[in-house]
Every structure is written in structure tokens, then in C-alpha cells.
Amino acid sequence: MRHRFALVTAASGLLLAGAVAAVSTTASAATTGCSATYTVASQWQGGFQGGVSFTNLGDPLSSWKFEFDFPAAGQAVNQGWNATWAQSGTHVSASNMSWNGPVATGGSVSVGFIGSFSGSNPSPTAFSVNGIACTGNAATTAPTTAPTTAATTTPTTTPTTAPTTTPPGGAAPALHVNGNKLVTAAGATYRLLGVNRSSAEFACVQGKGVFDGAQPDQATVDAMKAWNIHAVRIPLNEDCWLGTYGTPSGLEYQTAVKDYVALLVANGINVILDLHWSHGAYTGTSSACADVNATCQKPMPDAQYAPQFWSSVATMFKGNDAVLFDLFNEPYPDAANNWSDMTAAWTCLRDGGTCTGFTYEVAGMQDLVDAVRATGASNVLLIPGLTWTNDLTQWTAYKPADPKNNIVASWHSYNFNACVTTACWDSQIGSVAAQVPVQAGEIGQNTCAHDYIDQVMAWADANGVGYTAWTWNPWGCTGGNVLIQDYTGTPTETYGSGFKAHLLTVNP
């Protein structure tokens, strides 16, 4: 963290011992000016993500206030970041935060927001900084004479207030698969390191809103950034997304998810969208509920709605390759057939159809890959294994075909799973990681300690595997796997503290 210092000096003059010297100064001519840009990063029905930036063409600024007017009455800023936002009528202002007030000559500032509109969404055309119109030119104001003053003290140096939040590092990178690595557009290897943010999978079917009572905001994202979080996995509910069950559902649910994704990506955090709770009545081995609706984890996605879900999600996020799609959370068709035929279970995972133990037609991973790619989306896809995504032993043999060749193996690792030793990871997970990227979409332990995840992370770091821990929710750690005590990012005493400490030592 860089601390900025301002030099505050008294008027120049001769300071004689025991005497006061009166001096006068003349203010130098001030150069002012700026250039500005306005962009719409993405837009959906009634809403959009906007971004504005300006370059200071004049003398250095110690603070700034960026202003513009929306052309249409129905346009509004609903939520912003990297500035203090205000709106009166169509007039919008964004004032600096404590950490980004100083702007050097030639320096630039970028801020963003989630907005809404009714009717059309035209872009503003006139902008100003500190009341000076951004014309792309610099102007010099006439010098003025300062009043005569008496210098009574020696010059002093006063430090400014240190930044209170971590300065942003730009938007999250677009990613694609290259061999057995995830890479950025520039070809740099990139690992997804971060957390799960649970609740969108269950809150909408339990009367708790979309995100368990409160839409995440900039402050909660800043708390994540303070942990060095670069990836957030968001579990979703199939019925709520499609509007077939739950409250809120349909457009309201989709918009809340889209807004959160936009906020995270704008803050440099990649997003993994995960189909977590899905439709279909299942009462077989390890059933979590008998409800046909998406009120619990099912062993496989349903052919009725899951392809439709992924077609809708992919249509919304195609073109934004900072967002990845985790096609299904923790399938267990092997449990559904009582582990009697593992070949049939792997075939069910890939091809779907009529699978042993199911009363509904199953959508296989190939069906979901096809649904995504039919939209034209090129986003990276995460493909799970068996036994609640802990078993990758035959993953490569049953990998679905992808015309984009943009597939990652999804793996989950908890201390109560079957594969929990370095030897097992070397033989079962490492062999897959040598061929394709592997992402540990969930890691955790049910003891509230961090000894197990420490081993997982050490192995993953050594083998180029990414991981997102369960879970960034303040539920108390008596049952394990809870990272925070509150959404300001206070870690739980052992599990959260251990994970945070490790995350601060590694890079994506």
C-alpha cells in the first residue's frame, strides 16, 4: 500500500531569529482540463452496467468531483463503486473516495455503477471535473496575487490520511483453456482462488430474498478484496432463475444475480456460476428431499429445465469470458444406482437419459455443454465428476465433447470425502490435472479448523489447481466450513483465519 503525502509549507521569506518577516507571494497560473469517456459494459431489460473515466490534463488534483447529466428522465444510478455517487433528477455526480482523490497530471480515474432505465438508454455527452468541462484540452487561468502574510512558523510537513480501502486493480480477466492451464487473453497462466458465496441456491425458495436478505454491495466486495479473493463461486437455483418456482424468481432473481456478477467482475473478481439446486423428484439413495421443485440438491440435473436454464444463463453472459459456468454441483448418479455399476454412472453423468434410480429424465453434461454452445457463448465450462464431485477417476474417459475445447474438471474436497490424502490426490486428481485444468470448486472441513484445507491448498498450489472455499456467509462455524463472522470480512476464529492467512500469500 502506497501512502501519499502532501507538503504544506508556510509563505516563503527570510525568517530572522527573534523577528517576524512579512512577505508576499504571487500564485502561479493554474492549468485545468480533462478528457472523459462513458461506456455501457452490458445491458439487459431495464438495467445496465455503466463505466465512466476521466484523464486529468491540468495541474495535479488533490480531490475530484465528476459530473454529467443523463439524457433521459428514466435513467438512474442504483449502485456504484470507486466513488461516492449522488443523483438529483438527471444530474449525476461521483466524488472521490479517501484513497483515490489525488490525480497527477496525465493520471486517470475509472469508476463504475449499476444503472436502470425505462424506454431508451442514451449515453450522456457532456462531462466535467471540479466544475471544469472535459473538452479534451487544457486551459491556463490568469495568475492572481495573494495577500501579504506574515510568516510566523517554520515550514511543516503533514501526511495525508492513508487509503482506507485497497485501490482497484481493474476488471477481472477474460479466461480460456490452454492445455492444462487457464490463461488470460495475453496468455498468462491464471488460477481461480477465492470463496463460495452461498444463498442464491436456497434463499428464494425459503422466503429469504435472493441473497439471504440483502443484495451484496461494494462494501462486501471490498471486504473480499482485503482477503486477496480473485474468484467467487455463486450457487444458483434452477426454478428461481426460470421463474417456475420460488419468490423472488424470474426477472427479479436474474437481475439480482446479474448485478452481483457485474459488481464482482468490475472489481477484478472472476465469477463461477453454478447450477446447485435443480428440478426433479428423487427419493432414492441419499435423497435430500422428495420435492419435485428445486428445494434441495438432486443427484443429476433434469432434462426438462436444466438445458433451458443454461441456455438462458449463457445468453445473458456470453461475450463476458470473465464469467465461468459450473454445469452441475456434486452429481451422484452412482449413489442412485447403489454403486452397483460405475460404468453406467459415468455414462449417465455424460449422456443423461433414462438412468437407474431416477424417476425423471436426466440431462447429461453433454446436453448442458450443447445448450451453452448453441447460444454462441465461449465461456469456460466446469465439468464435475462422480460421488459429489470427489471422484475424477474416469473423468477424462467420459469428458463431454466441446467444440470450443474450453473445459475444466470440477473437483470438491472435504475431510469427510473418500479421497482425502496426498497419495489419492496424486493418483486420481493429479493425473487429470496433467491433461486439463482442475478447479476445486469447494474445499472445506467440518471441524472449524484449517488443518485439512491447509493440506488441500498446499497440494493444489504445487499442482496448479485453483480453489474456492466454502463459504463466505456469517452462519457461525459450529458446523464447520464457515469463513466469516460478518460481511465486513471478519474471519471465523480458526477456519476463516487460516484460509485468509494462506490466501494472502498466493497469487492467481
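Let's start with C204, which is buried because its relative accessibility is 1%, where buried means under 20% relative accessible area, exposed over 50% and partly exposed in between, using a 1.4 Å probe and protein chains only. Its partner in a disulfide is C240, with S to S at 2.0 Å; a disulfide here is a pair of cysteine sulfur atoms within 2.5 Å. C240 is buried as well, at 0%. The torsion about that S-S bond is about 100°, so this disulfide is right-handed. C204 sits in the loop between β17 (193–196) and α1 (218–225), while C240 belongs to helix α2 (residues 238–242), so the bond ties together parts 36 residues apart in sequence. Helices (H or I, at least four residues) and strands (E, at least two) are DSSP runs, numbered from the N terminus.

A word on what we're looking at: this is a predicted model, where local features need pLDDT of at least 70, side-chain atom pairs count only at pLDDT 80 or more, and totals for chains, interfaces and linings use all residues. Residues are numbered from 1 along each chain as its sequence is written, and side-chain values use heavy atoms, leaving out hydrogens and water.

How many disulfides does the rule give? The count is five, and with the bonded cysteines numbered in sequence order, the pairing runs 1-2, 3-4, 5-6, 7-8, 9-10.

Another of them joins C34 to C134, S to S 2.1 Å. Here the torsion is about -100°, so the disulfide is left-handed. C34 is in strand β3 (residues 31–44) and C134 in the loop between β11 and β12 (138–140), 100 residues apart. C34 counts as buried at 1%, and so does C134 at 15%.

Then there is C419 with C424, at 2.0 Å S to S. Its torsion of about -125° makes it left-handed.

On to the sheet. Five strands form an open sheet in the order β7-β8-β5-β10-β11, with antiparallel pairing; strands pair if DSSP finds at least two bridges between them. The edges are β7 (84–88) and β11 (132–133), each pairing on one side only. Inside, β5 (residues 65–69) and β8 (residues 91–95) pair over five bridges, and E67 has S93 in β8 as its bridge partner.

Last, the helices α4 (residues 306–317) and α7 (residues 365–373) pack at about 30°, axes 8 Å apart. Axes are lines fitted to C-alpha atoms, over the stretch in contact for helices, and angles run from 0 to 180 degrees between N-to-C directions. Thanks, everyone!
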